Amino acid sequence: MSERRYDIDWLRVIAIGLLLIYHIAIGFQPWGVFIGFIQNTESLQWIWTPMAMLNIWRIPLLFFVSGMGVYFAIQRRDIKALLLERTKRILVPFLFGMAAIVPLHVLLWKNYYHQDIEYVFNPMHLWFLGNIYVYVLIFTPLFFYLKNNPENKFYKVLSKVLGNPLGLLLLLIPFIAEAELVNPESFEYYAMNAHGFWLGMLAFLTGFLCVYSGKPFWNNVTKWRWVLFAIAATLYILRLLEGEFNAPYYLKAIESNLWIFTVLGFGHKYLNKPSNILSYLSQAAYPVYILHMVFLYLASWLLFPLALPAFAKFILVIVITFIGCFVTYELIGRVKWLRPLFGLRLK
């Protein structure tokens, strides 16, 4: 199963796009400033209704897709080539981003709130890349063992289990255990903490194993996608009715994974086809992810002091952030020495 999977490429692009919208929405919440965002005076708290649904699976989905990507990468590489390629495409942009990108949006935040200006070397939104690189180092020996020993007993059992609807329930157990054992202050807060590290590791490994198990898994989530959607939506509605989107962590872990299985099922059904748009967006997604906080903060810095309706500012921040990111991506793509710093291959 080493053919190109366009649905996985699409889900990566969509997940990063949703991440941008999610980050923009934080600036319109009454608590945005407390987690380091420039905050508009007038809130748009209704936006958090869909964001609360998205929040518990947006980051885990990215880790799932990252693990899946490694499966396809090792089909064409040996261990040395994989580690070299992941170092170039993950570690280098991660370090460059901490040194040159993060300080820019921190500077905008400090200027907006009249703080002392100082240089900050910090992962911030790039923490995700550091985690993935660590997971690659940890799991590479296992992944290549599985690759070099096809049709082993583990593969046969895994393929059979994940081809059964009840087998999907087994995948929930480690995530429930993580949520209960780590017991984070907030289930939805993943950045640079133990919860984000362990949940990300589970999602990364599970994503790899789902692809490794073969067609039975994909047939399973595709066949049962509407049932998975119905259960996930029911759990979300129960949180919505609660009033503050709260629920026990084990239920959030279940809901999170059911949304991911739903997305994988619908994606496999409808998105597994090539397109010129996908080719472009798939290349752009990584640099856009690295850059987006700079343009988000710049747009907030420019617009939030203005006497405009909050929703108008929200739309304008979205437009400025996306245009800024894609224009800069086009410029980066034309400068040979900049390409590797943003995870792009040399032409």
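Helix 11 has 22 residues and reaches 32 Å from its first C-alpha to its last, close to the 32 Å expected at 1.5 Å a residue. The expected span is 1.5 Å times one less than the number of residues in the helix. Helices here are DSSP runs (H or I, at least four residues), numbered from the N terminus.

This is a predicted model, in which local features need pLDDT of at least 70 and side-chain atom pairs count only at pLDDT 80 or more, while totals for chains, interfaces and linings use all residues. Residues are numbered from 1 along each chain as its sequence is written, and side-chain values use heavy atoms, with hydrogens and water left out.

Helix 11 is mostly covered, with 16 of its 22 residues buried. Buried means under 20% relative accessible area, exposed over 50%, and partly exposed in between (1.4 Å probe, protein chains only). Asn 257 lies in this helix, which covers residues 249–270. Asn 257 counts as buried because its relative accessibility is 1%. Contact means heavy atoms within 4.5 Å. Leaving aside neighbours within four places in sequence, Asn 257 is in contact with Phe 64, Leu 172 and Phe 175.

Phe 261 and Phe 217 have the most contacts inside the largest nonpolar core, a group of 121 residues. Helix 12 (residues 276–303) gives the largest share of this core, 15 residues. A nonpolar core is a set of buried Ala, Val, Leu, Ile, Met, Phe, Trp, Tyr and Cys residues joined through side-chain atoms within 4.5 Å.

Ile 332 is found in helix 13 (residues 310–333). At 3% relative accessibility, Ile 332 is buried. Not counting residues up to four places away in sequence, Ile 332 touches Leu 291, Leu 338, Arg 339, Phe 342 and Leu 344. Leu 344 is twelve residues from Ile 332 in sequence, and their C-alpha atoms are 9.1 Å apart.

The whole structure has ten salt bridges. A salt bridge is a side-chain nitrogen of Lys or Arg within 4 Å of a carboxyl oxygen of Asp or Glu. The table lists some of them.

| Salt bridge | N to O distance |
|---|---|
| Asp 7 and Arg 5 | 2.6 Å |
| Arg 86 and Glu 85 | 2.4 Å |
| Glu 118 and Lys 110 | 3.3 Å |

Asp 7 is buried at 0% relative accessibility, and Arg 5 is buried at 4%. Glu 85 is buried too, at 10%. Salt bridges that share partners join Arg 77, Glu 85, Arg 86, Arg 89 and Arg 345 into one network.

Key. Helices (H or I, at least four residues) and strands (E, at least two) are DSSP runs, numbered from the N terminus.
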